[in-house]
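Dear colleague,

I am handing over the structure we spoke about, and it is shown just below. After it you will find my notes on what turned up in it, grouped by topic.

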Amino acid sequence: MAKPKRHPKAPAGRPLNAEGIAKAVRGALASQPVLDIHTHLYPSSFGTPVANRRVKVDPAGLMLWGIDEMLTYHYLVAELLRVVPAGQPSPAAFWKMPKEDQADLIWKTLFLDRSPVSEACRGVLTTLGRLGLKPGEKSLARYRMFFASRNPDRHLADCMKLANVETITMTNDPFDDNERSRWMSGKIRRDPRFRAVLRLDPMIVAWPAAAKRMAGWGYRVSDRPDRATIQEARRFLKDWLHMLDAVYIAASLPPAFRYPSRWDNPGAAAGELILKEAILPVCAEEHLPFAAMIGSERGVNPELKGAGDMPGRGDIRSVTNLCRTFPNNRFLVTMLSRENQHELAVAARKFPNLMIFGCWWFLNNPSLIDEITTMRVEILGTSFIPQHSDARILEQLIYKWEHSREVIGPVLAAKYQALARTGWPVTAPAIERDVEGYLRRNAAGFLAGAKG
Ligand code: HDL
Ligand code: ZN
């Protein structure tokens, strides 16, 4: 009998038993370099405010790293301000404290005075351990000495290696004066490991204010998006897309975001027009995805500043309306509310131009990564992007990816073991092929315009 023709995609390899599957999944996840599709990280050419012996301190620098930045990450600030005795310090007093004093207070309050069991606290300890530091120090002195001795570029390479991340997408906001001035200076040295992303929240959620700023930069726009304003908004988008060489356009949108916008929200009508007539047409012309990050209620407690936002349930109909109305656009979507996840996964079954990604922000916790990833494999198979780090401080890459691999591994192993029980031969090369898709190819392919 002629040898059966091997399916081009069915890789060779002997069928694995349950234990072999778990081992192959762990190995594939550990060895597959990641394309991290959403972060707030920067290379050293954006300056660093972190004092060390190797580079000049840039107080407004955007490359954040080291123990003091890790401990004053806004997730930990919120956890601190819950447990300090009233007013000791008040949020306002806390923000006035020097960063090192803030970090000392957080270390004492959240790590020494009580067990650091929260995900954000545990993340700091995972990171310290992976950097070869003993996590149980009573003071930060030793940690500070370690980071002070590090060269930022060498440290960046080490953190990416420890996290096995090969590509980092940034969040680049032209409406942030500090970031805009750095790009306009022409002094940004491009780093091939970093991809730029044009982030445009104000253009959709606060068009009149955005228009005022853009007019100040020489774009002839008015707060009523008429024909001329739309043209100038497109010019602004193309100027920035080309300067950044951006791989997608992104916006974080509130739970109340609707497409088409609701009649009872007149301010939203302008943002809808900008999205429909400027942003999405430019994305289509430039063959770039639009990333809608939906469900963040900003400033629920303004006293907490960056720590004061929270999730709210978004509208899936608006996501499907966008995917159906703009079939030539590609949409990367992540939603912040746990309650949106099932409908979002089913929506992705309806629209090949919709790629869902990550367990975003308050969903980036083991229990929810487990629940959401299990559901997504059941509904979408291999055609989604399970995770992004959303890292703001360089070293967070290490723990956010380690903790995610720890959860995604058993989820995938259980699914492959269930598959094997049907008699389907599950092999190591097949697992490696799929994991390469989850951690790199689905994102890279969608950014380039191919199907996952
Ligand atoms: O809007 C966003 O991109 C969010 O990820 C916010 O930056 C949020 O504050 C955050 O840091 N999430 O981890
Ligand atoms: Zn983010």
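Helices and strands in these notes are DSSP runs, numbered from the N terminus, with at least four residues (H or I) for a helix and at least two (E) for a strand. Please keep in mind throughout that this is a predicted model.

I begin with the peptide bonds and the backbone angles. Most peptide bonds are trans, and most residues other than glycine have a negative phi. Against that background, the bond that joins Q88 and P89 is cis, with an omega of about 10°, and P89 belongs to the loop between helix 3 and helix 4 (91–96). A cis peptide bond also leads from Y259 to P260, where omega is near -10°; P260 sits in the loop that runs between strand 4 (246–253) and helix 13 (266–285).

As for phi, N164 is not a glycine, yet its phi is positive, at about 55°. N164 is placed in the loop between helix 8 (152–163) and strand 2 (165–169), and because its relative accessibility is 18%, which falls under the 20% cut-off, N164 counts as buried. K305, likewise not a glycine, has a positive phi of about 50° and is located in the loop between strand 6 (296–297) and strand 7. With a relative accessible area of 51%, K305 is exposed, since the cut-off for that class is over 50%.

Next comes the largest pocket, which holds about 870 Å³ of space. Its lining is made up of 32 residues, and those closest to the centre of the pocket are H40, L62, L64, D176 and R392. Two or more lining residues come from each of helix 3 (74–83), helix 5 (99–112), helix 9 (177–184) and helix 10 (201–205). Sorted by class, the lining of this pocket comprises 15 nonpolar, 8 polar and 9 charged residues.

Lastly, a note on L81, which is a residue of helix 3 and counts as buried, with a relative accessibility of 17%. Between the C-alpha atoms of L81 and L241, which are 160 residues apart along the chain, the separation is 39 Å.

With best regards

Notes
Residues are numbered from 1 along each chain as its sequence is written. Chains are lettered from A and ligands numbered from 1 in the order in which they are written. This is a predicted model: local features need pLDDT of at least 70, side-chain atom pairs count only at pLDDT 80 or more; totals for chains, interfaces and linings use all residues. Side-chain values use heavy atoms; hydrogens and water are left out. On a 1 Å grid over the protein atoms alone, a cavity is a set of points where a 1.4 Å probe fits but cannot get out, and a pocket is an open set with protein on both sides within 12 Å along at least five of seven lines; lining residues have an atom within 4 Å of a point. Grid points are joined across faces, edges and corners, and a volume is the space filled by probe spheres set on the points. Ala, Val, Leu, Ile, Met, Phe, Trp, Tyr, Cys and Pro count as nonpolar, Asp, Glu, Lys and Arg as charged, and the others, Gly among them, as polar. Buried means under 20% relative accessible area, exposed over 50%, partly exposed in between (1.4 Å probe, protein chains only).
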